[in-house]
Amino acid sequence: MGVDVILGLQWGDEGKGKIVDVLAPNYDIVARFQGGPNAGHTLKFDGKKFVLHTVPSGIFREHLINLIGNGVVIDPITLKKEITNIEQAGVAYKDRLLVARKAHLILPTHRYLDAATEAAKGKSKIGSTLKGIGPTYMDKTGRNGLRVGDITTANFKQKYEALKAKHLGLLKLYPAIDFDLAKEEAQWFESLETLKALPFVDGEYYINNAIKAGKKVLAEGAQGSMLDIDFGTYPFVTSSNTITAGVCTGLGIAPTQIGEVIGITKAYCTRVGSGPFPTELHGEVGEFLRKEGQEFGATTGRPRRCGWIDIPQLRYTIMLNGVTQLVITKIDILDKFESLQIGAQYQVNGATTNELPFDLCDQSITPVYEEHTGWQQDLTKTTSFDDLPLTAKSYVHRLETLLEVPISIVSTGPNRKQLIIKDTALVSV
Ligand code: GDP
Ligand code: IMO
Ligand code: MG
């Protein structure tokens, strides 16, 4: 089948960027299908580090086409910064980075609305990245949005002014926030020139024709399934469908085209921003995970909340996505633990369950933990599953049993090469 999918099964930052970069050479096209510059995907190789926000993580693999799909929201300012970085690294991107005409644009005033609405929420704020994601998707579903294809139409400036006027009207409803619209608008229009220099395509035709021609496509998810607008921990979610279903609407392909669904989870769990997190660790163990895992947001620099791996949560997102294989990342971050916990089930209102209740904010949820012996050994240089200590193998096997999906890759460090292919029948690099 034409399109394989890589997506996050937790609350984002599972290591999607790294795994897309690793597997990209097996494909002809890497395509982002949703989200926008709220994403921060980190790639490390040859002593270099890149954080991508809008550009797909296949960009550093020569000859590969990278498509920003119609489901993505684009801020020309962030995109220009990313492209400048890529250019400075000597990467030829000009004919390899395509943009779907139906992708929506983030205006400076979308960001202001994000800031104003978050500030107005006070203590119940979402913890948004403040990149304008919510307001831009609201304009999309409200049928007011500006799209990439509009840029080349004669009345683009008029459409921009109309949307800006609407936003300025809305901003009056909120306590005043600081912004310098004239300055940011000038920067936005200047950055638009960089966007305009990229090839615009009718993404849906492009992808479907490519599939027909036998090309292989890898769809790259952003955020995580627990941040999905429909199935995440609402209202503490993002504003797009982050699950496999989002690939169809975000690229214009039929469900029958979906092949492998590669779900990524950390060997533990993190979340950035507000909202429920049943296995969160508040004490020194959580602090230790944050320090060992360098758990600070790739987009905002905020400290990530840390906790143990959560099986009911993962079983839920595996179900929603139709995951066919799992990738476990950051197992090396557990290297120093004497013992580990797996959140195997929940106790809700006194009863044990494997399912997520309607509202995870429910105070009565208590994870039921299963204890595992740690390996207390450095795994960052291990490249073969057979060479793992028995206790690490048994941790991975236990996850596989509880999650009922085969694990194809175990990632042992941030670098492209720090990897164990556990199941060569499922994946090769
Ligand atoms: P993404 O948003 O899912 O692409 O993930 P982020 O880039 O936001 O966060 C993942 C972080 O973990 C990045 O700093 C990666 O370089 C790093 N990383 C990825 N895989 C591994 C791994 O197996 N071990 C370690 N130690 N770091 C990893
Ligand atoms: P990647 O692709 C982690 C979180 C924010 C906030 C909520 C809503 O790097 O995994 P938004 O800006 O969308 O209005 O924020 O979602 N969030 C992420 N958390 N990784 C991300 O992306 C995220 N993108 C958004 O912290 O809680
Ligand atoms: Mg990230």
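An oxygen atom of ligand 2 is 2.7 Å from a side-chain N or O atom of histidine 41, which is a polar contact (a pair of N or O atoms within 3.5 Å; within protein, one must be able to donate a hydrogen and the other to accept it, and residues adjacent in sequence count only if both atoms are side-chain atoms). The model is predicted: local features need pLDDT of at least 70, side-chain atom pairs count only at pLDDT 80 or more, and totals for chains, interfaces and linings use all residues. Residues are numbered from 1 along each chain as its sequence is written, chains are lettered from A and ligands numbered from 1 in the order in which they are written, and side-chain values use heavy atoms, with hydrogens and water left out.

**Ligand 2**

- Around ligand 2 there are 20 residues, and Lys16, His41, Thr129, Gln223 and Thr238 come nearest; a residue is near a molecule or strand if one of its heavy atoms lies within 4 Å of it.
- The side chain of threonine 238 has an N or O atom 2.6 Å from an oxygen atom of ligand 2.
- A polar backbone atom of aspartate 13 is 2.8 Å from an oxygen atom of ligand 2.
- On its own, ligand 2 has 550 Å² of accessible area, and the protein covers 97% of this. Such areas come from the Shrake-Rupley method with a 1.4 Å probe; for residues, only the protein chains shown count as cover.
- The largest pocket holds ligand 2. A pocket is found on a 1 Å grid over the protein atoms alone, as an open set of points with protein on both sides within 12 Å along at least five of seven lines, whereas a cavity is a set of points where a 1.4 Å probe fits but cannot get out; lining residues have an atom within 4 Å of a point. A molecule sits in a cavity or pocket if more than half of its atoms lie within 2 Å of its grid points.

**Ligand 1**

- The second largest pocket is where ligand 1 sits.
- Ligand 1 is surrounded by 19 residues, the closest being Gly15, Lys16, Thr42, Asp332 and Ser411.
- At least two residues of the shell around ligand 1 come from each of α1 and β3. Helices (H or I, at least four residues) and strands (E, at least two) are DSSP runs, numbered from the N terminus.
- With 3 residues, α1 gives the most to this shell.
- Polar backbone atoms of lysine 16 and glycine 40 also face ligand 1: the one in lysine 16 is 2.8 Å from an oxygen atom of the ligand, and the one in glycine 40 is 2.9 Å from an oxygen atom of the ligand.
- Taken alone, ligand 1 exposes 580 Å², of which the protein buries 92%.

**The magnesium ion**

- Asp13 (OD) and Gly40 (O) coordinate the magnesium ion (ligand 3) at 2.1 to 2.2 Å.
- These two residues are 27 residues apart and link distant parts of the chain: aspartate 13 is in the loop between β1 (3-8) and α1 (16-23), and glycine 40 is in the loop between β2 (29-32) and β3 (41-45).
- Donors are N, O and S atoms within 2.8 Å of the metal (3.2 Å for Na, K and Ca); water is not among the atoms, so sites may look incomplete.
- Glycine 40 counts as buried because its relative accessibility is 12%, whereas aspartate 13 counts as partly exposed because its value is 22%. Buried means under 20% relative accessible area, exposed over 50%, and partly exposed in between (1.4 Å probe, protein chains only).

**Backbone features in loops**

- Aspartate 46 has a positive phi of about 45° although it is not a glycine. Aspartate 46 lies in the loop between β3 and β4 (48-52) and counts as exposed because its relative accessibility is 59%.
- Glutamate 404, also not a glycine, has a positive phi near 60°. Glutamate 404 belongs to the loop between α11 (390-403) and β19 (407-411), and is exposed, with a relative accessible area of 58%.
- The peptide bond from tyrosine 234 to proline 235 is cis, with omega near 5°. Proline 235 is in the loop between β10 and α8.

**Two further residues**

- Serine 191 is part of helix α6 (residues 181-196), and counts as buried because its relative accessibility is 3%. The side chain of serine 191 reaches the backbone oxygen of glutamine 187 at 2.8 Å.
- Isoleucine 229 is in the loop between β10 (217-220) and α8 (245-251), and counts as partly exposed because its relative accessibility is 27%. The C-alpha atoms of isoleucine 229 and glycine 58 are separated by 26 Å, and the two residues are 171 residues apart along the chain.
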